[in-house]
Amino acid sequence: MKTPNLSQQSVVKSINKVFEPHSRMAESATASHGDVSCRFATQDDIPWILVSMEKKWEELISTATRNLAAHRWIPSHDELVASIEAQLIFIALIRSERVGYIMFVRSEESHFGIGYGSWFNPFLYIRAVYTVPEHRKCGVFKMLYRAVEGVARSQKITEIIMHTLCASTTPLELPSSVGFTRQVGIFSQTLAEYAESLPKIMEKYSTRWSQWAARDAIDGEAKYLLAGLTDIYHLEGYADKTDDMSTELEQAEEFVREKRAIIAFDRATNERLGLLTYAVGDVFPYGCGEFGKFSEKYLWCSYIWIEPKMRSSGVARYLYDQLFQRAKASGADFVGLDVFNRNSASWSFHEQALSFHPEVQLYSKFVEN
């Protein structure tokens, strides 16, 4: 999944093309809840939005358990104008005082793409949401979310997605408070962190690893990659995705062709033990929200699969060791990956056994029309 670097002009044009404002949508999305009311943003709101974004990031960074400075994202003036003209920003008010904002885009304009993960139908993606500190926990976030849900209903969109930064300890509103469910976790580990943990890993696995080797997948092994991905889909509860795997087969062939598929095998028998596919540098797919790339230098694990009889034997650790070696050789700063919430075993394995840090969590909520 590539994250396009859109120019300001293309952002304006593409957003306006996808989201044409109309009065019926505005009427359905504008509402009030107690003392809190909500309306579409105007260009007069831009200075307040920019100041609020600065304050939000100061708060997030100052209270984070990990460095969030690289995640900092504040849109340009032109991006805000385009979003306002396309009616993609709401302002929350209490007695005419601005107390919060929410920004969103449609699936076509998010960097996930329409087919990402479980989201095969059009969705709205909440890019940014904020409530001023003194007005938190009084219905502002719920009111802002309700406005976005009104847009979804008016356009017959059935899903809304948003994210949270795991390192933030700031008491911002939680997606679960309005019915969102966690779907995906995004994890990372720097090369320095891995190097620090390597001696203990080698102490446990060096003898076993000496019996194995790794190589690039070769012509004809794309179907082996596809078989592994099919099993992953079943493990994650997405068996319906296996009905048509033509796109995945093309991706597998690309992994093989570009030498971005690692096969672990037994030195004595040449038997395959598992596989790992990865992408390089420009594919980090989560830069469309209110956070940016960690770095331009990283490797992204697309998926890892282990032969059933070899699971819990150290093969996954071995494949990740191979990936970290390639990351070091390429000058990368870290390795990243995502895990679906349904795959609880993989989630705990990466976070607890492999010491990957959860960076971002993605949530979704289905909307009945």
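Predicted model: local features only at pLDDT ≥ 70, side-chain atom pairs only at ≥ 80, totals over all residues.

Me: Why is I89 called buried?

Reply: The relative accessibility of I89 is 1%, and a residue counts as buried when that value is under 20%, so I89 belongs in the buried class. The residue is found in strand β3, which covers residues 89-94.

Me: Which residues does I89 touch, once those up to four places away in sequence are not counted?

Reply: Its contacts are R39, F40, A41, I49, L80, S83, I84, I102, M103 and F104. One of them, A41, is 48 residues apart from I89 along the chain, and yet the two C-alpha atoms are separated by 5.5 Å.

Me: What makes Q322 buried or exposed?

Reply: Q322 has a relative accessible area of 16%, and because the limit for buried is under 20%, Q322 is buried. It is found in helix α9, residues 315-330, and, leaving aside neighbours within four places in sequence, Q322 is in contact with A214 and I262.

Me: How do you know that the span of helix α5 is close to the expected one?

Reply: Helix α5, residues 140-154, has 15 residues and reaches 21 Å from its first C-alpha to its last, and the span expected at 1.5 Å a residue is 21 Å. Just after α5, K156 takes a positive phi of about 60°.

Me: Why is α5 described as largely enclosed by the rest of the structure?

Reply: Eleven of the 15 residues of α5 are buried, and that is why the helix is described in this way. Among the buried ones are V140, F141, L144, Y145, V148 and E149.

Me: What makes α7 and α8 oblique to each other?

Reply: The axes of helix α7, residues 222-235, and helix α8, residues 246-257, come within 9 Å and cross at roughly 130°. This angle lies between the 115 and 145 degree limits, and therefore α7 and α8 are oblique to each other. In this case the crossing is right-handed. The contact is made by A222, K223, L225, L226, L229 and Y233 of α7 with E248, L249, A252, E253, F255 and V256 of α8, which by class gives nine nonpolar, no polar and three charged residues.

Me: Why is α3 called oblique to α4?

Reply: Helix α3, residues 46-63, and helix α4, residues 77-85, have axes that come within 11 Å and cross at roughly 120°. The range for roughly perpendicular ends at 115 degrees, so α3 counts as oblique to α4. The crossing of these helices is right-handed. I46, I49 and L50 of α3 make the contact with H77, L80, V81 and I84 of α4, and these residues divide into six nonpolar, one polar and no charged.

Methods. Residues numbered from 1 in each chain as written. Heavy atoms only, no water. Helix = DSSP H or I, 4+ residues; strand = E, 2+ residues; numbered from the N terminus. Buried < 20%, exposed > 50% of the residue type's maximum accessible area, 1.4 Å probe, protein only. Contact = heavy atoms within 4.5 Å. Expected span 1.5 Å × (residues − 1). Axes fitted to C-alpha atoms, helices over the stretch in contact; angles between N-to-C directions. Parallel < 35°, antiparallel > 145°, perpendicular 65-115°, else oblique. Left-handed = near helix turned anticlockwise from the far one by under 90°. Nonpolar A, V, L, I, M, F, W, Y, C, P; charged D, E, K, R; others polar.
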